[in-house]
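The exercises below concern one protein chain. Each task is followed by a solution in steps.

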Amino acid sequence: MTRTAFGLAGIAAALLAAPAFAHHAFAIFDSNKMAYTTGTVKQFELVNPHTWLHLVIANDKGDATTWSFEGGSVLQLARLGWSMDTFKVGDRVEVGFHPMKDGSRGGQLMSAKLATGQKLCSNRGCGDGTGDILPPF
């Protein structure tokens with residue numbers, strides 16, 4: 001009976017852990033490509049498990065759309081100097097990112113260059129070979 005209970009507990013633990021491993025997959029981003037764009041901050045969500053930077057970006061015809069960029073965890077980015085005051089609604093920001101594989105508007109946020117010229121990198125570096133890569137915690 002004890003062996004069966006431990007076996008079932010082990011299977012349950014594995015099934016419950018699977019979504020956590022799937023959550024940390026970065027397969028939706030094209031990590032072989034780096035792209036850069038400039039936009040106006042619509043919203044900055046410094047929340048766990050991942051931060052989000054939403055920018056309004058105008059195309060060459062002047063049509064504006066919202067793009068969303070997924071960043072690291074609050075703790076990781078705070079260690080790199082990011083805070084709730086990093087972005088304010090209306091700020092102009094240039095971002096470096098790994099684009100979405102499906103071509104949708106957004107990607108994995110790798111760097112942000114503020115209007116002051118300050119460049120902030122993600123917890124995975126800046127994507128261009130610069131910046132610190134932090135351990136995943």
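**Exercise 1.** Among contacts in the chain between residues at least 6 apart in sequence, what percentage join residues at least 24 apart?

Solution. The model is a predicted one. Of the contacts between residues at least 6 apart in sequence, 51% join residues at least 24 apart. For the background, take the secondary structure: the chain has two helices and six strands, in the order α-β-β-β-α-β-β-β.

**Exercise 2.** State how much of the chain is buried and what its exposed surface consists of.

Solution. Step 1: the chain has 137 residues, and 33% of them are buried.

**Exercise 3.** List the salt bridges and classify each partner by its accessibility.

Solution. Step 1: the structure contains three salt bridges. The distance cut-off between side-chain nitrogen and carboxyl oxygen is 4 Å.

Step 1: K88 pairs with D85 at 3.9 Å between the closest N and O atoms. K88 is partly exposed at 43%; D85 is exposed at 58%.

Step 2: K119 and D128 meet at 2.9 Å, N to O. Both values fall in the partly exposed class, with K119 at 41% and D128 at 37%.

**Exercise 4.** Which residues do ring pairs link into a cluster with F44? Describe the geometry of the pairs F44 forms with them.

Solution. Step 1: the structure holds six aromatic pairs. One of them joins F44 and W82, with centres 6.4 Å apart and planes at 35°, a tilted arrangement. F44 lies in strand β1 (residues 35–45), and W82 in the loop between α2 (74–79) and β4 (92–99); the two are 38 residues apart.

Step 1: check burial. The relative accessibility of F44 is 11%, so F44 is buried; that of W82 is 4%, so W82 is buried.

Step 2: F44 also pairs with F87, edge-to-face, at 4.8 Å centre to centre and 70° between the planes. F87 sits in the loop between α2 and β4 and F44 in strand β1, so this pair ties together parts 43 residues apart in sequence. F87 is buried, as is F44.

Step 3: the ring pairs link F44, W82 and F87 into a cluster.

Terms used. Residues are numbered from 1 along each chain as its sequence is written. This is a predicted model: local features need pLDDT of at least 70, side-chain atom pairs count only at pLDDT 80 or more; totals for chains, interfaces and linings use all residues. Side-chain values use heavy atoms; hydrogens and water are left out. Helices (H or I, at least four residues) and strands (E, at least two) are DSSP runs, numbered from the N terminus. Buried means under 20% relative accessible area, exposed over 50%, partly exposed in between (1.4 Å probe, protein chains only). Contact means heavy atoms within 4.5 Å. Rings of Phe, Tyr and Trp (its six-membered ring) pair if their centres lie within 6.5 Å; planes under 30 degrees apart count as stacked, over 60 as edge-to-face and the rest as tilted.
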